[in-house]
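I opened the model to look up a few contacts and backbone angles. My entries follow the structure.

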Amino acid sequence: MGDSQYSFSLTTFSPSGKLVQIEHALTAVGSGQTSLGIKAANGVVIATEKKLPSILVDETSVQKIQSLTPNIGVVYSGMGPDFRVLVRKSRKQAQQYYQLYKETIPVTQLVRETAAVMQEFTQSGGVRPFGVSLLIAGYDDNGPQLYQVDPSGSYFSWKASAMGKNVSNAKTFLEKRYTEDMELDDAIHTAILTLKEGYEGQISANNIEIGVIRADREFKVLTPAEIKDFLEEVE
Amino acid sequence: IFEYNGSAVVAMVGKNCFAIASDRRLGVQLQTVATDFQRVFEIHPKLYIGLSGLASDAQTLYQRLVFKHKLYQLREERDMKPETFASLVSAMLYEKRFGPYFCQPIIAGLGQDDVPFICTMDCIGAKELAKDFVVSGTASESLYGACESMYKPNMEPDELFETISQALLSSVDRDCLSGWGGYVLVVTPTEVTERVLKGRMD
């Protein structure tokens with residue numbers, strides 16, 4: 001492919017107008033574990049598979065869903081270490097905003113700043129793009145919101161979205177099942193069903209992670225016991 | 001250095017409204033240089049800031065604040081709330097902790113649900129929220145006295161205008177560095193009234 005001659009340097013466009021490194025970063029995301037998010041009428045739910053490399057790994061030490069502020073949470077598909085760096089930077093930006101304005105950062109502003117960080121790494125020398133796509137879920141004065149941020153730094157607001165390995169099946173499933181006035185609990189059930197669709201093996205409370213934010217504006221990661229309850233309702 | 005130009009600014013809270021007023025003298029120590037100097041500025045139709053103290057710092061600080069607010073409006077697609085603006089001013093003033101702006105701002109605005117908000121701060125950003133009135137400038141001591149005695153809670157806009165004007169004019173008469181008339185702004189959720197007062201022109 002003619003493009004491969006231009007894939008060595010991130011900051012060089014290929015003749016077809018693409019930045020090949022970003023395409024490769026998206027491929028890295030596409031081979032990561034599936035994650036998805038659904039925006040309901042009264043909240044947002046984000047979920048991901050938590051497949052561990054071996055049964056010897058202590059699953060309580062792995063936290064794929066993190067909170068950025070008390071009312072904003074994030075999940076990723078792709079490279080875990082890159083995700084940790086972004087979470088750290090985003091948290092810092094949220095706190096800097098608070099220090100200046102004594103007001104919690106609106107979701108759109110945090111998304112914009114995180115996307116700007118990801119974009120910086122596509123235009124500087126000697127760095128590589130982040131190998132993660134993020135799904136940021138939050139609840140602020142503009143209601144529940146769900147955003148996806150890609151390695152290129154572009155961001156989109158979604159009603160429901162999926163990323164990672166099983167993305168096309170998951171998205172089709174979500175398209176069929178999504179309704180505008182869905183309640184949050186319905187959304188959680190739909191999220192679990194969507195994960196189940198593409199899951200290789202048996203889904204259980206210990207190998208998926210779910211984060212929710214309701215109208216009380218507090219982002220919570222559900223405990224395995226809570227996930228178990230929802231799983232039983234779905235069965 | 002706060003007494004170089006002379007100034008008097010006061011703000012009062014009424015019933016679903018607020019009023020902010022200032023004197024109009026600009027002096028260079030004892031010499032009066034202008035009698036129409038503006039100390040109260042609009043940030044957006046429901047948020048005003050009055051800056052007393054050194055006039056050049058007041059103008060520069062105002063320009064920087066307008067700059068920051070305009071960027072905020074573009075990014076967040078909304079006006080700043082008065083409480084947020086007060087935090088911003090406080091942060092900006094403290095940035096210059098060891099070489100401060102010689103100004104004492106008074107911030108007055110209508111917040112969410114049009115609840116009036118006033119506050120003042122010192123030149124390095126120590127906020128002082130008040131429910132009734134705030135004062136600043138060379139005439140601040142007389143203003144404190146005048147406001148304390150004349151103020152009543154929940155005044156209607158017209159009564160508030162009378163009260164704040166009386167308080168301002170009687171206080172600047174006791175201060176040689178401020179005066180030459182007054183400028184009063186009364187803000188309600190539906191309208192803004194500006195009035196210029198004629199007092200003792202000295």
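**Basis.** I am working from a predicted model, where local features need pLDDT of at least 70, side-chain atom pairs count only at pLDDT 80 or more, and totals for chains, interfaces and linings use all residues. Residues are numbered from 1 along each chain as its sequence is written, chains are lettered from A and ligands numbered from 1 in the order in which they are written, and side-chain values use heavy atoms, with hydrogens and water left out.

**Interface of chain A and chain B.** I looked up the buried area first. Chain A and chain B bury about 920 Å² between them, with 43% of it on carbon and sulfur atoms (accessible area, 1.4 Å probe, that two parts lose on being put together, summed over both). Three residues, L100(A), Y101(A) and E103(A), account for 58% of what chain A buries against chain B, more than any other three. Nine residues of chain A and ten residues of chain B take part in the contact (heavy atoms within 4.5 Å).

I find two salt bridges across the interface (a side-chain nitrogen of Lys or Arg within 4 Å of a carboxyl oxygen of Asp or Glu). E103(A) pairs with R78(B) in a salt bridge, and their closest N and O atoms are 3.1 Å apart.

Then I asked which helices of chain A each supply at least two residues to the side that touches chain B. They are helix 2 (80–101) and helix 3 (107–120) (helices are DSSP runs of H or I, at least four residues, and strands runs of E, at least two, numbered from the N terminus). Helix 2 of chain A gives the largest share, three residues.

**Helix 4 and helix 5 of chain A.** I took the axes next, as lines fitted to C-alpha atoms over the stretch in contact, with angles from 0 to 180 degrees between N-to-C directions. The axes of helix 4 (residues 167–177) and helix 5 (residues 184–198) of chain A come within 9 Å and cross at roughly 150°. On the helix 4 side, A170(A), F173(A), L174(A) and R177(A) make the contact; on the helix 5 side, T190(A), L193(A), T194(A) and E197(A) do.

**Loop residues of chain B.** Last, I looked up positive phi values. N16(B), a residue other than glycine, has phi near 55°, and lies in the loop between strand 1 (8–13) and strand 2 (18–23) of chain B. N154(B) also has a positive phi, near 55°; I find N154(B) in the loop between helix 3 (140–150) and helix 4 (157–173) of chain B.
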